Amino acid sequence: MQNDQLALAQTRGSVDPRVKRPLPAWVSTTALLLPTYGWLTLAVFLPLLTMLGFSFMSATPMGKTPVEFTLKQYRAFIDQPYLLRIGFNSLMMGFWTTLFCAILGFLAAVALVRATVGKAREALLVLILLPFWTNGLVRVFSWTMVLRENGFLDNILHMVAPDAGSISILYTRYAVVLGLVHGYLPYMILTCYIALVTIDDAIIEAAASLGARWWTILYKILIPMAAPGLISGAVLIFIPVIGSFMEPRILGGRVGVTMGTVIEDQFTQAFNWPLGASLSFTLLAVVLAIFATFSGVLRGRTAG
Amino acid sequence: MAEFSRRNTLKLMTATLAAGASFSLLPRKVFASGQITVLNWQGYGTDEAWSLKQFTEKTGISVVHDYYSSESEMLTKLRTNPGAYDLVVLNAARCAQAVAEDLLQPIDFSKVPNAATVDETLRNNPNFSNDGVGFAVPWVWGMTSLAIREGKPKPESYKALADATYKGRVAMDDDAIINVGIGALMTGQDMNDPQDLAAVTEALKSIKPNVKLLWSTEDQWNKSFAADEFDLSVFWSGGSVRSKRNSKLPVEFVVPKEGAVGWVDGLGIPATAPNPEGALAFANWLIDPAFYVEWATKVGAPASSNSAALNSLPADDLSRQVHNPDYLKTMSIMSALPDDRREAFNNVWQEVKAFYAE
């Protein structure tokens, strides 16, 4: 349709003797798209393709060992069944982190949209983005100081109740989820905020004037209309979280073993790039399968 | 990874010194005895400016350096640049590989008088010598074994890691090779080639109720130990000295009866070295007590292979107390691992970690 119009404009143009013959439409389209796709090819597609190639090799192609084509790396989940448990734990970690981010992020975004007095909204936005300015590693390490035995939390508790035991949750799954929620919450707040800010106040006023209580407004108007934000936030958070390795390593201690740490070990310690690559692609396939399963549901929600 | 960190720490300690001093070295005098080229990690003992000055004054040989940043890079440089290097610093495990590829020449120990007091077990280590011919002068060594909080009962065996007295009070090194080695020692097997990996896996799994955390950097170890999170840990000998000396932590390094997991760096002469005589003189200087005492006390160094040099340290020196040469008798030295064995070791440790996390 658009192309037809362009073609029409072109023919009209060529009739006019004063105007130079313009380039065909596809040339300008290609020229405009080339930098983006060129960059994507160079920075995303080629490295991914190399990794895909690695995942079919028998050894890292950097030593003297001869490299052969093999599918054995993809059998890792069958040969090493304990990986299934790690994979399941990683998915659960992603699920809980995303859920807490969704609840907290949505509420924060509502507060942000409601804050219309003076410069309150700008100030709140800056406060939300502030943690992003510090390095992620620093944020995670500061959590260890808060959560450890005789750490910040323990000291405060002992000020009130000197005989109480330790409430340290460092080196548990709770600590890992806490650190991850802290790290990824801003994504959810921002995506929800963008969705919520487009809702016309008049709709809410109309609902209220027709007698809707706050929970009816929340479930019938705010959540359905913010669904695109919630979904894109969930996607943005879930995928990096199940591959995360820094937070589980530092906050998880003994229980901090995830697909992310297993893959990282293959690249940094074991020097087994093919296995690391095949595990990454298996994980990618699982994530795609999950999103494919739920895409129908999700599409229904966004349309509604 | 363990070795890399160890070197990095040394690097940090010496970087300032080396950087400041290298300028004063620029107008190098060229003597008749010529010069030698040393291949080493940067900031790892051989390139100390004060030492090079003393050595050049003594022998008239000037020393230039080339550096590598990984052990595989070192081997590549030896293979591709024949005739470029006179002396190379290499780990015992890599030495065996270099000898197998004919990259090194035999050492004429008569020209290294200080080697007379170098420990026999180190000199005869199969990684350094082949059919009774030595291919490297052992230089410095260190251990990975147990560290215990002062005042707690000293473990006599690695089996203490699984002892109920230390419930929730143990930290393990997140390193596959080290842990499989310790599992092998727990089950009475050869650390470098355990035949019964299932037993190793079981031994490591039995530690689970005690394991509080897995540490991967010395800094992390220090912070967690200072916060009283564990009492017993797999740790490095050099790390324990630094923790006690620099961070004043109440830690004691213990080598149980099964012996420590050890590493040794040696000084080898490439087969194509243009000045092997000069290289031998420099190797002799690097294990000289005069050089070692200054290096260890001013900069900080691993244990010297030369017992005379180690004994020249002040009696209250922590490093001297920890690196008791008696430990060399029971110590197993990490050898080069074939790829399939390395992969098997990594899989064992992944499986154990997954079990810990359940």
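Predicted model: local features only at pLDDT ≥ 70, side-chain atom pairs only at ≥ 80, totals over all residues.
Chain A is built from helices, with 13 helices and zero strands. Of its 304 residues, 35% count as buried. Among the contacts in chain A with a separation of 6 or more, 63% are accounted for by residues 24 or more positions apart. A:Thr293 is placed in helix H13, which spans residues 273-303 of chain A. A:Thr293 counts as exposed because its relative accessibility is 58%, and the cut-off for that class is over 50%.

Chain B is divided by the domain assignment into two domains, each made of two segments of the sequence. Domain 1 of chain B covers residues 2-141 and 263-318, whereas domain 2 of chain B covers residues 142-261 and 333-357. The C-alpha centres of domain 1 and domain 2 of chain B lie 29 Å apart. Where the domains meet, 16 residues of domain 1 of chain B are in contact with 15 residues of domain 2 of chain B. The size of an interface is often given as the accessible area lost when the parts come together. Between domain 1 and domain 2 of chain B, the buried area is about 1400 Å², and carbon and sulfur atoms give 60% of this area. Zero salt bridges are counted between domain 1 and domain 2 of chain B, while two residue pairs are found in polar contact across this interface, both at pLDDT 80 or more. On the side of domain 1 of chain B that touches domain 2 of chain B, at least two residues each come from helix H1 (2-22), helix H4 (92-100) and strand E12 (261-270) of chain B. Helix H1 of chain B gives the most to this side, with six residues. By class, this side of domain 1 of chain B has nine nonpolar, four polar and three charged residues.

The interface between the two chains was examined in the same terms. Here, 28 residues of chain B are in contact with 23 residues of chain A. Chain B and chain A bury about 2500 Å² between them, and 46% of this area is on carbon and sulfur atoms. B:Lys212, B:Gln350 and B:Ala357 supply 21% of the area that chain B buries against chain A, more than any other three residues. Five salt bridges are found across the interface of chain B and chain A, together with 12 residue pairs in polar contact, both at pLDDT 80 or more. The side of chain B that touches chain A receives two or more residues from each of strand E9 (211-215), helix H8 (218-226) and helix H15 (339-357) of chain B. Helix H15 of chain B gives the most to this side, with 11 residues. By class, the side of chain B that touches chain A has 10 nonpolar, four polar and 14 charged residues.

Over all chains, the count comes to 28 salt bridges. One of them is formed by the side chains of B:Glu343 and A:Lys72, at 4.0 Å from N to O. This pair joins two chains, because B:Glu343 lies in helix H15 of chain B and A:Lys72 lies in the loop between helix H2 (25-54) and helix H3 (76-79) of chain A. B:Glu343 counts as partly exposed at 26% relative accessibility, and A:Lys72 counts as partly exposed at 37%. A:Asp265 forms a salt bridge with B:Lys353, with the closest N and O atoms 2.6 Å apart. A:Asp265 and B:Lys353 also belong to a network of salt bridges that links them with A:Arg249, A:Glu264 and B:Asp174.

Within chain B, B:Lys77 forms a salt bridge with B:Asp66, the closest N and O atoms being 3.3 Å apart. This pair links distant parts of the chain, with B:Lys77 in helix H3 (residues 71-80) and B:Asp66 in strand E2 (residues 62-67) of chain B, 11 residues apart. B:Lys77 is buried, with a relative accessible area of 18%, whereas B:Asp66 is partly exposed, with 24%. B:Lys77 also forms a salt bridge with B:Glu73, where the closest N and O atoms are 3.7 Å apart. B:Glu73 and B:Lys77 are separated by about one helical turn, because they are four residues apart in helix H3 of chain B. B:Glu73 counts as partly exposed, at 25% relative accessibility.

Methods. Residues numbered from 1 in each chain as written. Chains lettered and ligands numbered in written order. Heavy atoms only, no water. Domains from an automatic or database assignment. Contact = heavy atoms within 4.5 Å. Buried area = accessible area lost by both parts, 1.4 Å probe. Polar contact = N/O pair within 3.5 Å; in protein donor to acceptor, adjacent residues only side chain to side chain. Nonpolar A, V, L, I, M, F, W, Y, C, P; charged D, E, K, R; others polar. Buried < 20%, exposed > 50% of the residue type's maximum accessible area, 1.4 Å probe, protein only.
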